[in-house]
Amino acid sequence: MPEQPPDTPDTADAAAVNALRSAVMRLSRRLKHQRVDESLSPTEMSVLGTLARCGSATPSELARKEHVQPPSMTRIVAMLEAKGLVRLEAHPEDRRQKVVTQTEQAESMLAAARTKRNAWLAELVAELDEDDWATLRAAAPVLEKLAHL
């Protein structure tokens, strides 16, 4: 059997990658349905989550972090501002730009969403046996690392 290039997974690794991708996508979709505010799109929630993790940012920075085009982010920010979840402030060094900051209302909503999703996920993991739960606890830091690569 010819040797595969270093960046090509072998059959077992390819199957594991496929299973991981599929499981993460299904779990992500199910988590997205555990919403506190049905009026917000998953994209709007993602932007609020990014602001919570990274702090205030310009719309351009948010567009890069969210992998959307700047005009799309401008629309998203306008919708979030209209809902009272973000405010636009003058950029401290460049008055032509604005900085997007989440409001206390957004912080409260995100906390409620985290609580609801954590409770839902805790119900799921309660169905696991101790060995599976131990494996999942050990895998959590690796999954977190993958999420930020």
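A cavity here is a set of grid points where a 1.4 Å probe fits but cannot get out. With that in hand, let's look around this predicted model, which holds one cavity of 30 Å³ or more.

**The cavity**

The largest cavity has a volume of about 30 Å³. Its lining is made up of Arg35, Val36, Asp37, Met45, Ala113 and Arg117. Sort those by class and you get three nonpolar, three charged and no polar residues.

**The overall layout**

Now step back to the whole chain. It has six helices and two strands, and starting from the N terminus they come in the order α-α-α-α-β-β-α-α. The radius of gyration is 19 Å, well over the 15 Å that the globule rule gives for 149 residues, so the chain is more spread out than a compact globule. Along its principal axes, the C-alpha trace spans about 60 × 40 × 25 Å. Buried residues account for 23% of the 149 residues. As for contacts between residues at least 6 apart in sequence, 50% of them join residues at least 24 apart.

In soluble globular proteins, nonpolar side chains tend to be buried together. In this model, the largest nonpolar core has 19 residues, and Leu48, Leu62 and Leu80 are the ones with the most contacts inside it. Four helices each supply at least two residues of this core: α2 (42-54), α3 (59-66), α4 (70-82) and α5 (104-125).

Take Leu80 and set aside its neighbours within four places in sequence. What is Leu80 in contact with then? The list is Leu40, Glu44, Val47, Leu48, Leu85 and Val86.

The largest pocket has a volume of about 2,200 Å³. Of the 42 residues that line this pocket, Val24, Ser28, Leu31, Glu144 and Ala147 are the closest to its centre. Two or more lining residues come from each of α1, α2, α3, α5 and α6 (130-147). Which element gives the largest share of the lining? That would be α1, with ten residues. By class, the pocket lining has 24 nonpolar, seven polar and eleven charged residues.

| Residue | Relative accessible area | Class |
|---|---|---|
| Ala63 | 2% | buried |
| Arg21 | 44% | partly exposed |
| His67 | 73% | exposed |

Ala63 lies in helix α3. Why does Ala63 count as buried? Because its relative accessible area is 2%, and buried means under 20%. Apart from neighbours within four places in sequence, Ala63 is in contact with Val68, Gln69, Pro70 and Met73. Ala23 is 40 residues away from Ala63 along the chain, and their C-alpha atoms are separated by 27 Å.

Arg21 sits in helix α1 (residues 11-32).

His67 is found in the loop between α3 and α4. Is His67 buried or exposed? With a relative accessibility of 73%, His67 counts as exposed. Its backbone is worth a look too. Most residues other than glycine have a negative phi. His67 has a positive phi of about 60°, although it is not a glycine.

Conventions. Residues numbered from 1 in each chain as written. Predicted model: local features only at pLDDT ≥ 70, side-chain atom pairs only at ≥ 80, totals over all residues. Heavy atoms only, no water. Core = buried A, V, L, I, M, F, W, Y, C linked by side-chain atoms within 4.5 Å. Buried < 20%, exposed > 50% of the residue type's maximum accessible area, 1.4 Å probe, protein only. Contact = heavy atoms within 4.5 Å. 1 Å grid on protein atoms, 1.4 Å probe; cavity = no way out; pocket = protein on both sides within 12 Å on 5 of 7 lines; lining within 4 Å. Points joined across faces, edges and corners; volume = space filled by probe spheres on them. Nonpolar A, V, L, I, M, F, W, Y, C, P; charged D, E, K, R; others polar. Rg over C-alpha atoms; globule rule 2.2 N^0.38 Å.
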